[in-house]
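Open the model in your viewer and keep the selection panel at hand. The stops below say what to pick next and what is there.

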There are 2 protein chains.
Amino acid sequence: MASAVHRLVVDIHTHVYLPRYASLLRQRATVPRILTHQDPSGKAEERLVILNDEPAEGRPVGSQYWDRTEKLNFMNKHDIDISVVSTANPWLDFLSPNEAQGMAAELNEDLEEYCMSAPILPDTTFRRIYGFGLVPLVPGAPVSSVVNAVHQIHALPHLRGIILGTQGLGKGLDDPALDPVWDAAEKSGLVVFIHPHYGVGGEQWVTHGNGHVLPLALGFPFETATAATRLILSGVLDRFPFLRLLLAHSGGALPALSSRLASCIMHDAQVANRLKHDARYYLGKLYYDAVAYGPEELGFLSEVVARAGRYESATGSTAPADRNVGSQRMLFGTDNPFFPPANGNAERWRSVTENTEAIEAVPGWTPDSRNGVFGANAISLFNLGGRA
Amino acid sequence: MASAVHRLVVDIHTHVYLPRYASLLRQRATVPRILTHQDPSGKAEERLVILNDEPAEGRPVGSQYWDRTEKLNFMNKHDIDISVVSTANPWLDFLSPNEAQGMAAELNEDLEEYCMSAPILPDTTFRRIYGFGLVPLVPGAPVSSVVNAVHQIHALPHLRGIILGTQGLGKGLDDPALDPVWDAAEKSGLVVFIHPHYGVGGEQWVTHGNGHVLPLALGFPFETATAATRLILSGVLDRFPFLRLLLAHSGGALPALSSRLASCIMHDAQVANRLKHDARYYLGKLYYDAVAYGPEELGFLSEVVARAGRYESATGSTAPADRNVGSQRMLFGTDNPFFPPANGNAERWRSVTENTEAIEAVPGWTPDSRNGVFGANAISLFNLGGRA
């Protein structure tokens, strides 16, 4: 076990494209793809294009996406003890059901190998790296193939979760056909990381040379909020109350709109009596990364999580929300290797220090709460102590 | 003047369809329109359909939308002293430039009459009702016609602001062609109320019988956030630093995404050096209604406004944001006559009491701050004392 003095830092939002996945992207002629670009001096450079509306020729891509040594170097540079890595978007979303099924099975084995051959954290029983597996959740896929992938992931000892986007089988995550997937995920105890890719609001993005800002800063958090709201409205969280759903980017726009959501539900005859609880109750059943870049955002999210108890019944308390209670469902993340330093050789990445500084600065959090968000909550949620 | 003991309550988010506007909607065969619906018993009922994706036959509409006596009754029932009323969406957005120009001129005169003939608040020099005027901001409109409407509104003594949607001349509010409008608005001192109508994310709405919930709870705040973000990115707030922009629904999704926005800007070479300040700075230059339905949301917004000062320069303070400072840019609203009680004859509307209770419950606000949000901030922003 780690010394009680040392604070463990666990990064639960950190991405990879394993070599098999990068090869797949290199073979493609349409988005998503990795293409080779000649810079003005004639030097060849690989570039990643993953968004349909992506300006220019995407972004540079290199060994930081697939080389485990680079991941460990990044972790060491930023004092990250353990990473729970996940394939970056768009996962297998663009493949046929057959291709997705085969690729999920192979990539899950690859990721298990990537994790199990990683070093042990000195003086502990923890590996430095664990992972989220992939499921073949694509239009036309048999639900049984998705459930089988959940079982495969559960059987691989270093995989402790599943990452998925919001398309489902083509009709979103609130598609009733997905109930067997939620059931399998709930029974497995695996964490289901819901991550954006498509964005919401694409018609707004191609304007006045704003680069990637609108899709990334707004479209992504809108997508996460929409997917989670649809899950709530469809009753998935009523039917599967022990599901461990982890929302990317601190839940996106959902926490700030959750009281408005509750009010709109209450005032809409089509929906008013459908759910077991006020919408705000369900936000206390979710988990959130702490990738929001500001202390005010994190403090607010911890209040939104904590206030959920008020809404368990119609006669809940109205005591101020205890930020320390809410912090227990929040977990440090970096979004590495995205958002590299604008100045290519910064010692520490600003996109990381923004989040570490934000956690340190949240008013009202005790040292234990900060330690929880940095790592202890992840140790518990992913059960990292149990099967290292 | 009001007694120092009595707290003035000013509702700055409250809508009307003046009789001339309702007549216009009744003449139309396409959305937006007012149609006459026969209920199963054969009774005729007027219904309002304003959203393209609106389920069924819209919502009931009646004298609460156009009768000033009903507005005053609503105010009296909820202890609202003064209302600053605005035409509800979609304003004049659907008219031709000529029609919009004529209708704006007439409706602004109508609204001035509606306000000036309202009673005086007892023992004060305030009218009970002031208003936001309309501008003919539609595709194809000459910008000069919009500027002329700003001048007309400024000359009408009871109109203290302008309400507008996000379409602009068809290319959004960040269209550089609109600079003369922002210039005229800034010089006039009129408050510009930016209100959603179209929603962002419409492809997500028609799912599983969720009624209006997704467009209203998410689509509207996504739209406001997107419009405000595009205004920031386009430099409008750098070019017109004294513009008084008021964002509906507490800024929608913008406050919670503003640190992510700042980070995305910083990491995007196309945008990184375009603005004078960190994106978070501009949120301290805006005004917000307090229509967020929860105390945690309001407290957070007041921190977001207050922290803006940190970002004026690269070496700003990192002191905790003072919620009382931030509260000074927040103003009570009801969104009346939308969100009527599900139980048609409730004594007080839940959609109002949710917001009044939220203001009362924000941790860290002093009594002066609460009084400010309920009314004193509006008295100052709209200069209500000056020309009653």
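**Stop 1: a salt bridge within a helix**

Select B:Asp183, which is partly exposed at a relative accessible area of 27% (buried means under 20%, exposed over 50%, partly exposed in between, with a 1.4 Å probe and protein chains only). This is a predicted model, where local features need pLDDT of at least 70, side-chain atom pairs count only at pLDDT 80 or more, and totals for chains, interfaces and linings use all residues. Residues are numbered from 1 along each chain as its sequence is written, chains are lettered from A and ligands numbered from 1 in the order in which they are written, and side-chain values use heavy atoms, with hydrogens and water left out.

B:Asp183 forms a salt bridge with B:Lys187, the closest N and O atoms being 2.8 Å apart (a side-chain nitrogen of Lys or Arg within 4 Å of a carboxyl oxygen of Asp or Glu). B:Lys187 is exposed, at 65%.

**Stop 2: a buried pair**

Go to B:Glu303 and B:Arg323. Both are buried. Their salt bridge has its closest N and O atoms 2.8 Å apart. B:Glu303 lies in helix 10 of chain B and B:Arg323 in helix 11 (residues 323-326), so the pair ties together parts that are 20 residues apart in sequence.

**Stop 3: the interface**

Now show both chains. The contact takes 66 residues from chain B and 67 residues from chain A (heavy atoms within 4.5 Å). Together the chains bury about 5,600 Å², 59% of it on carbon and sulfur atoms (accessible area, 1.4 Å probe, that two parts lose on being put together, summed over both). Select B:Arg260, B:His267 and B:Glu296: they supply 13% of the area that chain B buries against chain A, more than any other three residues.

Which salt bridges cross here? The rule finds eight across the interface. In one of them A:Glu296 pairs with B:Arg310, with the closest N and O atoms 2.7 Å apart. Colour helix 6 of chain B next: its 13 residues are the largest share of the side of chain B that touches chain A. Then pick A:Glu296, A:Glu297, B:Arg307 and B:Arg310, which salt bridges with shared partners join into one network.

**Stop 4: around A:Phe382**

Finish on A:Phe382. Among the residues that A:Phe382 touches are A:Ile12, A:Phe132, A:Arg160 and A:Leu331, not counting residues up to four places away in sequence.

Notes: Helix = DSSP H or I, 4+ residues; strand = E, 2+ residues; numbered from the N terminus.
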